[in-house]
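Thanks for coming. I will take a few minutes to walk through one model, region by region. Please have the structure open while I talk.

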Amino acid sequence: MARRGCRAWLERLVILIVYMDLTFNFTSAQLRYSIPEELTEGAVVGNIAKDLGLDLSALDARGFRIVSGSTEPLFQLNNNGILRVNRKIDREEVCERISTCIINIKTVVENPLEVHYVAIEVLDVNDHSPTFSENETYLEISESALPGARFQLQGARDPDSDMYSIQMYKLSQNDHFRLEVKDRGEDGKIPLLYLHKPLDKETARSHRLQLTAVDGGKPARSGTIDIIINVLDVNDNMPVFTKDSYVAVLNENSPIGTTIMQVNATDSDDGLNGEVVYSFGNNVNNKLRKLFEVDANTGEIIVKGLIDFEAKDKYEIDIKASDKGPVPLATEKSVMITIVDLNDNAPEIEVTSFSSAIPEDSKPGTTVALISVNDNDSGVNGKVICYIIEDVPFTLTPSLQDNMYSIVTKSLLDREHQSKYDVTIVAKDAGEPSLSSHKTISVVVSDVNDNSPEFSMNPYTFYVIENNVAGAFLFSVSAYDCDEGNNALISFNIVRNGDEHKTFTSFLNINSEKGDIMALKSFDFETLKTFQFQVVATDSGSPSLSSNVTVSVFILDQNDNAPVILYPVSSNGSAEGVEEIPRNVNAGHLVTKVRAYDADIGYNGWLLFSLQQVTDHSLFGLDRYTGQIRTLRSFTETDEAEHKLVILVKDNGNVSLSATATVIVKVVEPKEAFAASDVKSATKVDEEDNVTFYLMITLGSVSVLFLISIIVLIAMQCSKSTDYTSKYLQDTNYDGTLCHSIQYRSGDKRYMLVGPRMSIGSTIVPGSHANTLVLPDRRHTSGEVRKITFFKVALV
C-alpha cells in the first residue's frame with residue numbers, strides 16, 4: 001500500500017522553476033527544471049521553447065537542438081521545443097554521492113544565434129533499501145573484554161541521497177550490548193557495538209543479535225544483518241597506533257607501487273598475541289581497495305591504481321591493526337590522504353555552434369562559430385588562454401559565459417580573393433609546463449552577387465558581307481563574371497529601346513546563353529552601310545547585375561548591282577536614244593555622252609565603256625572611261641544617213657555585271673540640223689529656267705553642308721590622339737565614272753582609298769576612322785545621306 005502511494009506521488013511530481021536572464025549582446029537564458037528520478041522514457045520535463053518565448057513555428061528552420069557530447073544523451077528535444085526524458089535516469093548512477101544532482105545541458109538556436117543553458121535537478125526517490133554486504137557476520141570477543149569496549153560493525157549501504165539514505169541503526173534487544181552510531185559525514189553512519197555488560201563464556205558461548213538499518217523514506221525502507229558473537233578466552237591487549245592521526249600528501253598520477261606513508265601499531269602482549277598485522281578496515285569500499293593497498297607486515301600504504309585529482313581530491317582510509325592471538329584483538333585508525341593537482345590535462349576545445357558558410361558581404365563582427373573551452377585541472381593549471389594563430393580575417397571574442405568564445409569576422413571578406421579559410425584555434429593553460437591543444441575549422445565564404453559581367457572586348461567591331469543568309473550566324477559576343485553559381489550565369493539580350501535602335505535591332509536575334517548573334521534578314525550595302533546596337537549581359541543573381549557593350553557593324557560591299565544607264569533613256573524607260581548631227585561636222589565632234597551609274601563602290605562600281613555593235617567602225621569612236629562618242633572622221637556622200645551604236649557598260653567586279661545602251665545616230669543636212677536645233681533650244685530654255693532655280697537651291701544646301709563637314713573634320717582631327725601626318729592627294733580619276741580614289745601618307749607608307757566619286761558636300765563621318773564618307777544620294781529625296789565606306793589599300 002505504501003509503495004502504491006509512493007508511485008502515485010512520483011507521477012504527480014513535476015516542479016518547474018524558471019530563471020531567465022536575458023542579455024542583448026549575446027542572447028543567453030537559464031532555465032531550471034526539477035524532475036524525480038526513474039521517470040519513464042518520453043516523460044515531459046518542460047516546454048523550453050515556450051518558457052524562453054521562442055517562436056514555435058520557426059524552431060525547425062532555426063535548428064533548435066541540444067548540444068551533447070559523445071555519450072548517449074539523457075534528454076531529447078522535439079520539434080515543438082518540448083524537453084523529454086530520453087532514457088530512464090537513475091540518480092544514484094548519474095550523481096553518485098552528490099547531495100544535489102543537477103544535469104546541465106546546452107541548447108542552441110540559430111538565425112540569430114542563441115545559446116540557452118538549462119539546469120535539470122534530478123530529485124531523489126526512495127527506491128533503494130539499505131543493504132549489508134553479507135547476511136550475517138561473525139565477531140569473536142574475549143570474555144575479558146571490559147564494559148565500555150566498542151566493536152565496529154560493517155555498515156549498510158543505501159545509494160539514495162542524504163534524505164533517503166540511512167538515518168538510523170537499531171539493535172535487537174539483549175542484555176550485554178548496546179548500539180552506538182558514529183557519523184562519518186560523506187562516508188555515512190558507522191554502527192559500533194558497545195559492550196554494556198561483561199561476557200561470560202561459561203554462561204553463553206555465543207550471542208546472536210540482529211542489526212537493522214533504516215532509511216529516511218516515508219514509508220521507510222530497512223535492511224538487516226545477523227551478528228553472531230563468539231566469546232573467546234583472554235587476549236586482553238589490543239594493538240595501539242603510535243600516532244593519534246595520520247595525514248599524507250600524494251601527487252596525482254603517482255606511479256603504481258609508490259609508498260604513500262607507513263602506519264605503526266604496537267601490542268603489549270607476548271608471542272602471537274603481540275604480533276601485529278595490518279589491513280583495511282571493514283568499511284573500506286572496493287573503489288579504495290582498487291586504488292590503494294596496505295602491506296600486512298610493514299603497514300605501508302601503497303599506490304595500486306591511477307590517482308586522478310579530477311576524480312577526487314582527498315581520501316579517508318581506515319587501517320586496521322590486529323594481533324595474532326587465538327582471539328585477535330584489533331583497532332582501527334583513519335588515514336587522510338590529500339591529492340595534489342598536477343597539470344596533466346590539456347584544454348579541450350568544443351565547437352558548440354558553427355556556420356559552415358558565411359556570406360562574403362558579412363559585416364565585421366559577424367559571428368561564425370561558438371566554442372567552449374574546458375580544462376579539468378584546477379587553480380592556475382585550469383586557467384586557459386585562447387587565440388587564433390593564422391593571419392585570417394577572424395578573431396576570438398570572449399562571451400558572457402566563462403570559457404565561451406565567439407569566432408567573429410574582423411574585416412570584410414571577398415570570395416573572389418579567397419573562398420575558404422582554415423581557422424586554427426589554440427587553447428593554452430597557465431600551468432608549468434603549460435599544455436595546449438588546437439582545433440581547426442574550415443570556414444567557407446559563400447558568394448554574393450557583387451560582380452557585374454564583363455565583356456571580353458569593349459566595344460566590339462564586326463564586318464559583315466552584304467547578302468548574308470537570313471537566319472545564319474553572324475558573330476558572337478562573350479562575357480565572364482567573377483562570381484560563382486547562378487551569380488555567374490550570364491544571359492545576353494539586345495537593347496531595343498528607342499526608335500533608331502528598334503529599326504536596326506528588329507532584324508537581329510541573339511542566343512541568350514552563348515551570345516551568338518544572327519540576322520533575320522539579308523543586309524544590302526547600298527541601303528545600309530553601318531549601324532550600332534547595344535548588347536546587355538545580365539547575371540542570374542538576386543538582385544541581378546548587368547553591363548552593356550556597344551557593337552559596331554560595318555557592311556562590306558559585294559558586286560551585286562549591274563550598271564544603270566542614266567543617258568540615253570527613252571520615254572518608255574529603255575536605254576535607247578536618237579542623236580542627230582550635221583553631215584558637215586569634222587573629226588572629233590562630240591556626238592553624245594553615255595552616262596551610267598553603279599550603286600556598288602570601289603572596283604565593283606568602276607565602269608568601263610565599249611562598243612559592242614556599230615555599223616561603221618571607222619566613223620565613230622568611244623572613250624572607254626568617259627563614255628563620250630565622237631566622230632573619227634568627216635562624213636562623205638557615201639556614208640549612210642543612220643547608224644546604230646550598241647554600247648556595253650560593265651563594272652570591274654570579280655564577276656563583272658553589265659548593261660547596254662543603244663544610240664541611233666542620224667546624219668542630217670546642215671539646214672535640217674539647225675532647224676531641229678532651234679526647236680530643241682526653245683524647249684531646253686524653258687527647262688533650264690526651272691533647272692537653274694533648283695540648282696541654286698541645291699548649290700546653296702551643298703555649300704552649307706560642305707562648311708559643316710569642314711568644321712566637323714577639323715574638330716575630329718584636333719580631338720584625335722593619333723599622330724597622322726598624312727597628306728591627301730586628290731586624283732580626279734576619270735571624268736565619266738562615278739568612281740574616286742584618295743591617296744594619303746602615314747609615316748613611311750602610302751595608302752589609297754578607293755570608292756565612289758566624291759561630290760561637293762561629301763563629308764567624313766565622325767568616328768569612322770577616316771574611311772567612311774557621307775554622300776548626298778541624288779536618287780533619293782533631298783537631305784537623305786548615304787555613307788560610303790572606303791577600302792584602304794597599301795601602296796608599295
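**A loop with a cis proline**

Pro112 sits in the loop that runs between S7 and strand S8 (114–123). Helices and strands here are DSSP runs numbered from the N terminus, helices being H or I with at least four residues and strands E with at least two. Before going on, a note on the source: this is a predicted model, in which local features need pLDDT of at least 70 and side-chain atom pairs count only at pLDDT 80 or more, while totals for chains, interfaces and linings use all residues. Residues are numbered from 1 along each chain as its sequence is written, and side-chain values use heavy atoms, with hydrogens and water left out.

Back to the loop. The peptide bond between Asn111 and Pro112 is cis, with omega about -5°. Asn111 belongs to the loop between S7 and S8, and its phi is near 60°, a positive value in a residue other than glycine. Most residues other than glycine have a negative phi, and most peptide bonds are trans. Is Asn111 buried or exposed? Asn111 counts as exposed, at 63% relative accessibility. The cut-offs are these: buried is under 20% relative accessible area, exposed is over 50%, and partly exposed is in between, with a 1.4 Å probe and protein chains only.

Strand S7 covers residues 102–109 and contains Lys106. Lys106 is buried, with a relative accessible area of 16%. What does Lys106 touch, leaving out residues up to four places away in sequence? The list is Arg65, Ile66, Val67, His116, Tyr117, Glu350, Thr352 and Ser372, where contact means heavy atoms within 4.5 Å.

Pro219 is in the loop between strand S14 (206–215) and strand S15 (222–232).

Glu38 has a phi near 70°, a positive value in a residue other than glycine. Glu38 is located in the loop between strand S2 (28–36) and strand S3 (44–47), and counts as partly exposed at 22% relative accessibility.

**Salt bridges**

Side chains of opposite charge can pair when their charged atoms come close. How many salt bridges does the structure hold? There are 14, a salt bridge being a side-chain nitrogen of Lys or Arg within 4 Å of a carboxyl oxygen of Asp or Glu.

One of them joins Glu114 and Arg62, whose closest N and O atoms are 3.3 Å apart. Glu114 is in strand S8, and Arg62 is in the loop between helix H2 (48–52) and strand S4 (65–67), so this pair ties together parts that are 52 residues apart in sequence. Glu114 and Arg62 are both buried.

Arg208 and Asp226 form another, at 3.4 Å from N to O. Because Arg208 lies in strand S14 and Asp226 in strand S15, the pair ties together parts 18 residues apart in sequence. Arg208 is exposed, with a relative accessible area of 54%.

Then there is Glu484 with Arg415, the closest N and O atoms being 3.4 Å apart. This pair links distant parts of the chain, 69 residues apart: Glu484 is in the loop between strand S36 (479–480) and strand S37 (490–494), and Arg415 is in the loop between strand S30 (404–409) and strand S31 (420–429). Glu484 is partly exposed, with a relative accessible area of 40%, whereas Arg415 counts as buried at 10% relative accessibility. Through shared partners, salt bridges join Arg415, Glu416, Asp447 and Glu484 into one network.

**An open sheet**

Next, a sheet of 4 strands, which is open, has mixed pairing and runs in the order S17-S24-S23-S20. Which strands stand at its edges? They are S17 (246–251) and S20 (276–280), each with a single partner strand, so one side of each has no neighbour in the sheet. Neighbouring strands are turned by 30° against each other on average, direction ignored; axes are lines fitted to C-alpha atoms, for helices over the stretch in contact, and angles run from 0 to 180 degrees between N-to-C directions.

Within this sheet, S23 (residues 314–323) and S24 (residues 330–340) pair in the antiparallel sense over 9 bridges. Two strands count as paired if DSSP finds at least two bridges between them. Tyr315 has Ile337 in S24 as its bridge partner.
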